[in-house]
Amino acid sequence: MDSFYKSLNPEQSAQAFRNEYDFDSPSSIDFDILVERLRDLKQGRKAEIPVYSFEKHQRVEKTTTIYSCHVLILEGIFALYDPRVLELLDMKIFVDTDVDVCLARRLARDIKYRGRDIHGAIKQWSTFVKPNFELYVEPQKKNADIMVPRGIENSIAIDMIVKHIQRALLSKSDEHIKTLQALGQGYDADEPLPANVKVLKDTPQLRAMHTILHDEETTREDFVFYFDRLATLLVERGSDHLAFKPKEVVTPQGITYAGLELSKDVSAVVILRSGGTLEVGLRRVVPDARIGRLLIQSNARTGEPELHYLNLPSSLSKDSVLVLDPQVATGAGALMAVTVLKDHGVEEERIVFVTYLASLGGLRRLTKVFPKLKIIVGKIQEEFERRWIDERYFGS
């Protein structure tokens, strides 16, 4: 909650530098922004978390982007104070610690990390911290589901909390899997895929490349060569669905040619690490594309996708966007990737998802959730199989 301290006006800032501003009153916290961000995270959206500088006593311009996750911990002396926050919490914990321990930790933190001297830290403790604890913090005990005296030393209470969270996660995972299964239902087995799913034409040349890539006897060198060829075909087909506008040029023979040019810049988002197998094809077709990366991995125990890393181009919300991922199995990772892009302002119809192998169920889920998404596929499989392309391509 320290991220949500209000910015100070000049007079308040001067008080803060004299250690005379009350940071230990609920009025110092921007609860409106806190509640808004918590609601975003509870609803599966990204949230921009403010960054507060205690050396400057102001918020800085940059923010920290976080996404909804399996376990979100809100920590702070007023975490159980605001009724709107209490409504959003699934478990409310009050950690009770001896006052002398609190003072020692406070002095160590303020002096080491917040640029304060010992006299200023003690002044704040006696003037604001201790009185406000008795006035505002201690009464929050009544809002707690669990009291943890002695903090980290209380292994019994900690074990009870861990087991409760594990049960909640297991229930959440079951609901997630049922939702994924439901997304793939409700279709006639013979019903064709939507028109926005484009499969490479099944030519003898393409079938020969499929054969080489699926043959376990194929050397890594041959696998990389033929997969790069196929990646180029996939990205070329995907580029057909980018935004173009008319352009006339004059040929060396003095003839006017009515052609086309891209009407928007192109960003490509690579799903790590497997999406890197399509980058050679991308560079051959769209060499000046801005490249961003997402790391989405499925939890080995639950099968749920988890976002571990993102680095996206700043122009993403204005560009045409290619998403590169060579395999779509259940579709869970692809669903999260497109959701992340939409959260960053990319309109669904501007996204072209490029993949080599896709299961029929995964494609149905993807198109059911995102009906305007354009999908380029090299080969469709009736059943899904584990990811193997990146292992063959990168050699590990």
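User: What radius of gyration does the protein chain have?
Analyst: The model is a predicted one. Its chain has 12 helices and 14 strands, and the C-alpha trace spans about 85 × 55 × 40 Å along the principal axes. For 396 residues, a compact globule would come out near 21 Å, but the radius of gyration of this chain is 27 Å.

User: What share of the contacts with a separation of 6 or more joins residues 24 or more positions apart?
Analyst: The count takes contacts in the protein chain whose partners have a separation of 6 or more. Among these, the share from residues 24 or more positions apart is 68%.

User: How much of the accessible surface belongs to carbon and sulfur atoms?
Analyst: Of the 396 residues, 42% count as buried. The accessible surface of the chain comes to about 21,800 Å², and the part belonging to carbon and sulfur atoms is 53%.

User: How far apart are the centres of the positive and negative side chains?
Analyst: The chain carries 54 positive and 58 negative side chains.

User: Is Asn196 buried or exposed?
Analyst: Asn196 sits in the loop between helix H6 (155–183) and strand S5 (197–199). Its relative accessible area is 15%. The cut-off for buried is under 20%. Because of that 15%, Asn196 is classed as buried.

User: Which backbone oxygen lies 2.3 Å from a polar atom of the Asn196 side chain?
Analyst: Beyond its neighbours within four places in sequence, Asn196 is in contact with residues including Thr367, Phe370 and Ile375. Pro371 places its backbone oxygen 3.2 Å from a polar atom of the Asn196 side chain. The backbone oxygen at 2.3 Å is that of Leu373.

User: Why does Thr277 count as buried?
Analyst: Thr277 is placed in the loop between strand S8 (266–272) and helix H9 (279–285). Leaving out residues up to four places away in sequence, it touches Phe227, Asp228, Ala231, Pro326, Ile389, Asp390, Tyr393 and Phe394. Buried means under 20% relative accessible area. Thr277 counts as buried because its relative accessibility is 0%.

Technical notes: Residues are numbered from 1 along each chain as its sequence is written. This is a predicted model: local features need pLDDT of at least 70, side-chain atom pairs count only at pLDDT 80 or more; totals for chains, interfaces and linings use all residues. Side-chain values use heavy atoms; hydrogens and water are left out. Helices (H or I, at least four residues) and strands (E, at least two) are DSSP runs, numbered from the N terminus. Buried means under 20% relative accessible area, exposed over 50%, partly exposed in between (1.4 Å probe, protein chains only). A polar contact is a pair of N or O atoms within 3.5 Å; within protein, one must be able to donate a hydrogen and the other to accept it, and residues adjacent in sequence count only if both atoms are side-chain atoms. Contact means heavy atoms within 4.5 Å. The radius of gyration is taken over C-alpha atoms; the globule rule is 2.2 Å times the number of residues to the power 0.38. Accessible areas come from the Shrake-Rupley method with a 1.4 Å probe; for residues, only the protein chains shown count as cover. Lys and Arg count as positive and Asp and Glu as negative; His and the chain ends are not counted. The place of a charge is taken as NZ of Lys, CZ of Arg, CG of Asp or CD of Glu.
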